[in-house]
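Subject: Structure handover, with notes

Dear colleague,

I am passing on the structure that we talked about, and my notes on it follow directly below. Please keep the model open while you read, and look up each residue as it is named.

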Amino acid sequence: MADETFDAVIIGSGAGGAPVAHALVRAGKRVLVLEKGPLFHSQHTSPDGLSDFKRDEEFATGAEKVLQVQGVANTGVSFYSSHVEPDLNDEPHVYRDTDGQDRVTIEGYTAQVVGGGTQLYGGVSLRFAPDDFRLRSANQGRDDLRADPGGDVAREARDWPFGYDDLEPWYCRAEELVGINGTRDGQLKPASVDNYQKPLEPNDISAHVAAGMDALGFRRYRTPLAVITEDHAPSGRTVPTDRESIKTAFVNRYGDPLGLKSNTWVSLLHPISTQPGFALRANCVVTHLSATNGRVTDVHYRDPLGRERTVGGTVVVVACSAIESVRLLQLSAERDAGFADRINGNGLLGRYFLTHCFGGASARVPGRHDKSRTLDSDWATDACATPEFVRANGLWAGGAIYNNTSDSALPISMARTWAANDMDTMWKGYLYDLDMRGDQFDGYLTENFGRQLSVAFMANQLPLPTNRITLHPSVRDKWNRPVAHIDKGWHSHDRAVMDVLADRCREILARGGDGVQLIGFGHVGNDVRRIANHVLGGARFGTDPADSVLDPDCRAWRFDNLYVTDGSFMPTSGGANPTLTIQANAFRVGELLTTRV
Amino acid sequence: MPVVLIARDDQYVLNHTTRFIARDTGTVSEPFHLPVVDTHWDGASAETSYQFNDVTFVHRDDEAREVGVVGTFGELHTPVPLREVRFLDEPTGLWAATVRVGKGQVHRYRFTVDGRSVLDPVNPQRQRTDNGQEWSRFFTHGCAVPVSFDRWELRLLERLVTQVLPFQLAENRRFLADFYHKLSRSERDRQFPLAFLMDESVGVVNFIDKLLAREERHNLDDYKICLRLIDDVLRARFPGREPAELGRQAFMDLYDELAANQVPGWDHGRYGEPRYFLLLLRRHAMTGAFAHPKHGGNHGAAAWAYLAERFEFDWRAAVEAPLGRNTDYRG
């Protein structure tokens, strides 16, 4: 018997958990949200008027830490994480590298804090394109796909249990309640209601991207960003008198002290926090679930001081980001053969783990721009997501392209990402450029500060059963539980997708006006380390219990009351950043659950 | 001076401590986070709030009946009581109190647990007084009092970091001097918690001194060993001269040697890779110069002002008043 019970216990307070909590509490239900990380406030939600997030470059990518995990090949390496990223020594994710050795992933991003990853993300809130929901049907009978000699697309692509039109009202709901600015005209994604707030003026460096997109005939629109630019009635948030001051480069990888970035704490949870049915327990980690006859009876968690407690829910919703959700289910299965049989009878739990085909191009522009006055992105295009583009290029799916404006905007971030592609190479480019000192340092700033511009793409990764999450045989977390172990590689067709889209990003910059110098372009297709950003799949939903972990309502097939609503439900990863789709789906499931508890 | 207690709720204490403390295996992670030194807000004015920090002392003891803290931030013989932190209306075994402390200060403290005086078992910073008693130590934002290095080390380090940064260029030196002199007296008092001279390292040495006392304590030995070795090398090369007083060329040559990982006279038995030390120094110099001044470098935001002067960089728009001009964001 659990210590106490609620209508719903929701594990995780980010994009997958908060919308469910919001829907249920608004319907008068009693809901407990358990969150592993702290409740870090913005100023307006804080009892003392101060935020736990700061406009301070040391908060985004801080001091050196040293990896002390034993039994992996990168013990002893340095890493530089944000103040709310998981402690890699206390709870690492281990991946199998191409040399067959295990390493701890250095790339952070998933935040352990109320609001989860939405506290740190850049806020890019694109919808998926209609074809992203039907990639099996859309590719049926094709024999023109590049780099797919084994016919893996035909075998592994899956349609979602519903189409774009079915999710569309939930996209509208999410856009309204989360608080997003952007423009609709030019999108490939039809909207029944336009809930966008008006975007602020783009940073003038983005004019090069607009010019490049126009020159290529790519229809463009203002990137939808989860940052409010006007007072937002659903969450009770207000904007500063000087709206232009909303633009600061302390965006991507920073929590927002003013709460203008629409993380799920300020947009969805804080507005319901005074409702009698709502309880939030931060600093509480769920260790495992226990069940009897297909009914989860107890959620076992450690309280802030590590004491064991239990709680029960009429329904239990797991939403602690794909890798950790899969791991939690696997840890529960490890303790109970009956649980294991129900959650993983078909052997699919953890399989079809996905991220995104990702890459882009960067350039140096002739003029100088104040990139400290910016949000994360200004212009986006769906030109490479249209069925025509996809077919013409022999691809199975397309993706979104948008520019980044906040990268390299601040002096330390510019240095630590200098010639560095990811968190593993953070700082190294600058540090080893030993000639960069004195006047050459000055020259480096003159050449680059306020002059760097990049364009990125985000596209579907082909689902493969070999890309999977399991429990590591030996590495354990600070609660002595096995950590997540990730096997993930790229398919040759993924690389074809990335080659095409990276080249389009290059072209956008190349056509961006006189004097724009390309620095480089490329993608992550030769790198298996990228497994922290946009983690998706591993517990996919579907209409066939033999082919999926969850049913179309995101309920585990052989459980009465167990739901999974973070990105792990996705059978394909979509051609855009996933957060808005996770939120829309979670609102859909939340509404369903109001009739089940 | 009477201690000013600040109301920070139990959630705040749990948010800033349990991640490091609670565990079944291993020891406390990132113990330097304690005590928690944070922004102060008096509810009224950025100007008056800016002079202070909130310092939250936290002590874990499941058995204690009464916990207090004494230290040089208050009256040495009158403990400030810590309250019992609760979760779900039950005691957690954590005790906490938040006090207001001026910026730019170093203090020592000890906990009193049921009348017994104990060191903070988590915070690794310690200080021994003249009478041999050991105390726990903390410092507040913008602190310019050396805590990690001796004077000779600070002077040598100053010369080394200058090699890394762009401020030794004549025009940049002029800019820094002008920047400092153009500040009004009141601005200087407000922005510079302790008096110092604007120099070519814009406070980077002080930043490193503080970083090695807390977040990067694991790199302190590298500095201690390498500064000693560099001192030895330079004394052998320039007999009778004080290393920190040597001309610019001596340090430019030394930089090149460190970069090449070949420093004539270097004792590799004591430190294998001189270039590794240069890499540390480069990262710390870059960070210290351009990080928020509260971390001890970027004095008076001089490096940001240099970027604003040379390039387009309106740093004041985002940064809290009175350092910047944003009055919505409180720091």
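A polar contact, a term used below, is a pair of N or O atoms within 3.5 Å; within protein, one atom must be able to donate a hydrogen and the other to accept it, and residues adjacent in sequence count only if both atoms are side-chain atoms. Between chain B and chain A the count is 44 residue pairs in polar contact, both residues being at pLDDT 80 or more.

Before going further, please note that this is a predicted model, in which local features need pLDDT of at least 70 and side-chain atom pairs count only at pLDDT 80 or more, while totals for chains, interfaces and linings use all residues. Residues are numbered from 1 along each chain as its sequence is written, chains are lettered from A and ligands numbered from 1 in the order in which they are written, and side-chain values use heavy atoms, with hydrogens and water left out.

The two chains

With contact taken as heavy atoms within 4.5 Å, 75 residues of chain B are in contact with 74 residues of chain A. The two chains bury about 6300 Å² between them, with 54% of it on carbon and sulfur atoms; buried area here is the accessible area (1.4 Å probe) that two parts lose on being put together, summed over both. The rule for salt bridges (a side-chain nitrogen of Lys or Arg within 4 Å of a carboxyl oxygen of Asp or Glu) finds 12 across this interface, and one salt bridge joins the side chains of Arg302(A) and Asp24(B) at 2.5 Å, N to O. The largest share of the side of chain B that touches chain A, 9 residues, comes from α9(B), where helices (H or I, at least four residues) and strands (E, at least two) are DSSP runs numbered from the N terminus.

Inside chain B

Chain B is divided into domain 1 (5–139) and domain 2 (151–317), with bounds that come from an automatic or database domain assignment. Their C-alpha centres lie 31 Å apart, and 10 residues of domain 1 are in contact with 8 residues of domain 2. The area buried between these domains is about 950 Å², of which carbon and sulfur atoms give 63%. On the domain 1 side, Phe32(B), Tyr50(B) and Phe139(B) lose the most area to domain 2, together 50% of what that side buries. Between the two domains there are 0 salt bridges and 1 residue pair in polar contact.

Links within chain A

Over all chains, the count comes to 66 salt bridges. Glu57(A) and Arg416(A) meet through their side chains in a salt bridge of 3.6 Å, N to O, and this pair links distant parts of the chain, with Glu57(A) in helix α2 and Arg416(A) in helix α11, 359 residues apart.

Backbone details

Most residues other than glycine have a negative phi, and most peptide bonds are trans. Which peptide bond that ends at Pro35(B) is cis? The bond from Leu34(B) to Pro35(B) is cis, with omega near -10°, and Pro35(B) sits in the loop between α1 and β2 of chain B. The bond from Ala321(B) to Pro322(B) is also cis, with omega near 5°, and Pro322(B) is placed in the segment after α10 of chain B. In chain A, Asn283(A) has a positive phi, near 60°, and lies in the loop between β8 and β9.

With best wishes
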